[in-house]
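Hi everyone, thanks for coming. Please have a look at the sequence and the model on the screen, and then I'll walk you through the inside of this protein.

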Amino acid sequence: AAVQRRSGDPAALAYIQQWVDGYVGPQGEFALPESNNLDLVQPANLLLYLYDATGEGRYLTAARAIADDLLANHPRNAAGGFWHKDIYPNQMWLDGIYMAGPFLARLGAITGEARYGDEAAAQALLLAAHAQDPATGLLRHAWDASGAAAWAAPETGVAPAVWLRAMGWYTMALVDILQALPSDHPDRAALQEVLQRAAAGLAAAQDPATGLWFQV
């Protein structure tokens, strides 16, 4: 989608539309998956892209169906955080914020319905409250609100590792969410603070010899 946006290539747009139309009907019908899995939400960004590119309301209809089902039916931990997947009960992962947050925030910007952006911001901040190290600004990969996972720290439920790839997903998600939220959104300052602390942590963790980062 980013390539098509920059190039204006109609063949790229046709390719995206052909793929999406394999799932979305002429009235915006969309068969939602039976499993609850945030990874499956991320491609819904293409619905918003196609709605903007073509003006066809069916893409917005399908996007609303996905978002409304997510908000109403996706399992949450006791603090209100989305489970990453059915098979990971009560667990929030950094990559889950990337999978659902930007989509919700963008949908809120398009529709003017604050509840979508509010949810995106709330999920990102909830995970940061538990997973961000106040000393380094880096975030641990996951948080299990129940503490039942084998990797969960006894007192906090937080994973032991900082995973570079997940940090990339999470920080990209914060940038996308902030771009989509209204300028006066009440969570904007808190999100910016989390992002700035994470960016400082990444800069400090960069290997000076190579300019790269360790995966873990």
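Let me start with a term: a nonpolar core is a set of buried Ala, Val, Leu, Ile, Met, Phe, Trp, Tyr and Cys residues joined through side-chain atoms within 4.5 Å. Buried means under 20% relative accessible area, exposed means over 50%, and partly exposed lies in between, using a 1.4 Å probe and protein chains only.

Now some ground rules. This is a predicted model, where local features need pLDDT of at least 70 and side-chain atom pairs count only at pLDDT 80 or more, while totals for chains, interfaces and linings use all residues. Residues are numbered from 1 along each chain as its sequence is written, and side-chain values use heavy atoms, with hydrogens and water left out.

First, the overall layout. The protein has eight helices and two strands; these are DSSP runs numbered from the N terminus, with at least four residues of H or I for a helix and at least two of E for a strand. Reading from the N terminus, the order is α-α-α-α-β-α-α-β-α-α. Along the principal axes, the C-alpha atoms fill a box of roughly 50 × 40 × 30 Å. Of the 216 residues, 45% count as buried.

So, which residues have the most contacts inside the largest nonpolar core? They are Leu47, Phe103, Leu104, Tyr170 and Leu191, in a core of 56 residues. Several helices supply at least two residues each, among them helix 2 (10-21), helix 5 (94-111) and helix 8 (188-205). The largest share, nine residues, comes from helix 6. As background, nonpolar side chains in soluble globular proteins tend to be buried together.

Let's zoom in on Leu191. Beyond its neighbours within four places in sequence, Leu191 is in contact (heavy atoms within 4.5 Å) with Ala121, Ala124, Leu125, Leu174, Ile177, Leu178 and Leu181.

Next comes helix 3, where Asn45, Leu47, Leu48, Tyr49 and Leu50 are buried. What covers them? The cover for the buried residues of helix 3 includes helix 1 (2-7), helix 2, helix 4 and helix 5. Just after helix 3, Gly55 takes a positive phi of about 75 degrees.

Now find Val41, in the loop between helix 2 and helix 3. Is Val41 buried or exposed? Val41 counts as buried because its relative accessible area is 8%. Setting aside residues within four places in sequence, Val41 is in contact with Ile66, Leu70, Met99, Ala100 and Phe103.

Finally, go back to the start of the chain. Ala1 is in the segment before helix 1, and at 39% relative accessibility it counts as partly exposed. Which residues does Ala1 touch, not counting those up to four places away in sequence? The answer is Ile16, Leu46 and Tyr49, and Tyr49 is one of the buried residues of helix 3. The C-alpha atoms of Ala1 and Leu13 are twelve residues apart along the chain and separated by 7.6 Å.

That's my tour, and I'm happy to take questions.
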